[in-house]
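Please examine the structure shown below before reading on. The report that follows treats backbone details, loops, an aromatic pair, a helix and pockets in turn.

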Amino acid sequence: MSGRVLVAGAINTDLVATVHRAPEAGETITGRSFAIHSGGKGANQAVAVARSRASAVMLGGVGRDDFGSARKADLAADQIDTSWIATIDYASSGVALITVESSGENRIAYIPGATAKVSPDHCADTLNAIEPSLILSTNELSPECHRVLFTWARGRDVRVIFNAAPYSDDVVELLPLIDVLIVNEGEASALQGGAPDGMSPQELAAGLRSIGATDVVITLGAGGSFAVSDDEPLTVPGYRVDVVDTTGAGDTFCGALASRMLEGATLPEAVRYANAAGALATTRSGAQPSIPGREEIEKLMEQGKKLPWGSPQGGHGLRRKGRDSNPREV
């Protein structure tokens, strides 16, 4: 695999409390366990890129503190280039406070710290130094940083994959600079000013394309993903797994997808691989500890063809839209 993926986003420390259920306002719940993990959507996605055997360079920021030093060491252990992580003297490293329920659902309070202080000039210096083959970004750096990254890419025919999470209104003006937009259903609705309840993934994707998006991927949790590429709608089924913790599953999806697109895979091929990666990430606790390697992902994809317990939900393979109005299975 040639070329490098520049992954831009947050580098956090995840403080994870496991409870039977999350507390209500003013309520105290006795938890079952506590753990500290490496996290941040950007860092998670960089790890997913690296574990799928692609070369990853991390662009983000940390404070001059123990959390920042530890997170850089963790990324380096996954063979990720950390040379372009800015150390911000006057900010703390990012922290996410995560409560995980027995059902696997999670609630997250995020303090960005140094991530919000990464400068557009630092982004420009990084781009000019490493000249990436593909850019994968979360919505965690400033809009000014995103504009520098995406404008540089557009001028050099470098593809941009943008995971518009966490949601902000600034994303809309960036859509024309993005090659592949990845969102969940809630984010897809928010980008359109709050789409009506009950809209199908096809309708949500069509709305995103009408306001500037090109290729769109909408993640559907256990239901897999819906994508539109070259005007062709595609439903890519998910995989049946025993869910332990959904933290980091979406980031795993994004990083896995980027790794395959760096290899030259089509968007449907990359989404199918990413679905398997994201499913596996839900079977273990934590964000980065749960991210699978390429061998494990390919094994699940192969089992999905042969074993009933591993078969994709809704049938095998991809679904493509035919002459009828709804996607059909092929």
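R53 is located in the loop that runs between α1 and β4 (55-63). In this predicted model, the phi angle of R53 is near 70°, which is a positive value in a residue other than glycine. A positive phi is also found at D157, where the angle is near 60° and the residue is again not a glycine. D157 belongs to the loop between α4 and β9. Is D157 buried or exposed? With a relative accessible area of 73%, D157 is exposed, because a value over 50% counts as exposed.

A further backbone detail concerns a proline. The peptide bond that leads from A165 to P166 is cis, and its omega angle is near -5°. P166 itself is part of the loop between β9 and α5 (171-174).

**Residues in other loops**

G9 is placed in the loop between β1 (4-8) and β2. Its relative accessible area is 0%, so G9 is buried. P237 occupies the loop between β13 (232-236) and α8. P237 counts as buried because its relative accessibility is 5%, and the cut-off for a buried residue is under 20%. T246 is likewise assigned to the loop between β13 and α8. At 25% relative accessibility, T246 counts as partly exposed.

| Residues | Separation in sequence | C-alpha to C-alpha distance |
|---|---|---|
| G9 and G40 | 31 residues | 7.5 Å |
| P237 and L220 | 17 residues | 9.3 Å |
| T246 and P289 | 43 residues | 12 Å |

**Aromatic rings and a charge over a ring**

How many aromatic pairs does the structure hold? There is one aromatic pair in the structure. F150 and F162 form this pair, with 5.3 Å from centre to centre and 70° between the planes, in an edge-to-face arrangement. The angle is classed in this way because planes over 60 degrees apart count as edge-to-face. The pair links distant parts of the chain, for F150 is in helix α4 (residues 143-155) and F162 is in strand β9 (residues 159-163), 12 residues apart. F150 has a relative accessibility of 0% and therefore counts as buried. F162 is buried as well, with a relative accessible area of 0%.

Another ring is that of Y273. The charged end of R260 sits over the ring of Y273, at 5.9 Å from its centre.

**Helix α9**

α9 is mostly covered, with 14 of its 15 residues buried.

**Pockets**

Rolling a probe the size of a water molecule over the atoms shows where empty space is left.

The largest pocket has a volume of about 1,200 Å³. Its lining consists of 46 residues, and those closest to its centre are T246, G248, A249, G250 and D251. Several elements give two or more residues to this lining, among them β2 (12-18), α1 (41-51), α8 (249-262) and α9 (267-281). Which element gives the most to the lining of the largest pocket? That element is α8, with five residues. By class, the lining of the largest pocket divides into 19 nonpolar, 20 polar and seven charged residues.

The second largest pocket holds about 160 Å³ of space. It is lined by 13 residues, of which T18, V100, V244, D245 and S285 are the closest to its centre. The elements that give two or more residues to this lining are β2 and β3 (33-39). β3 gives the most to the lining of the second largest pocket, with three residues. The residues that line the second largest pocket include four nonpolar, six polar and three charged ones.

Methods:
Residues are numbered from 1 along each chain as its sequence is written. This is a predicted model: local features need pLDDT of at least 70, side-chain atom pairs count only at pLDDT 80 or more; totals for chains, interfaces and linings use all residues. Side-chain values use heavy atoms; hydrogens and water are left out. On a 1 Å grid over the protein atoms alone, a cavity is a set of points where a 1.4 Å probe fits but cannot get out, and a pocket is an open set with protein on both sides within 12 Å along at least five of seven lines; lining residues have an atom within 4 Å of a point. Grid points are joined across faces, edges and corners, and a volume is the space filled by probe spheres set on the points. Helices (H or I, at least four residues) and strands (E, at least two) are DSSP runs, numbered from the N terminus. Ala, Val, Leu, Ile, Met, Phe, Trp, Tyr, Cys and Pro count as nonpolar, Asp, Glu, Lys and Arg as charged, and the others, Gly among them, as polar. Rings of Phe, Tyr and Trp (its six-membered ring) pair if their centres lie within 6.5 Å; planes under 30 degrees apart count as stacked, over 60 as edge-to-face and the rest as tilted. Buried means under 20% relative accessible area, exposed over 50%, partly exposed in between (1.4 Å probe, protein chains only). A charge sits over a ring if NZ of Lys or CZ of Arg is within 6 Å of the ring centre and within 35 degrees of the ring normal.
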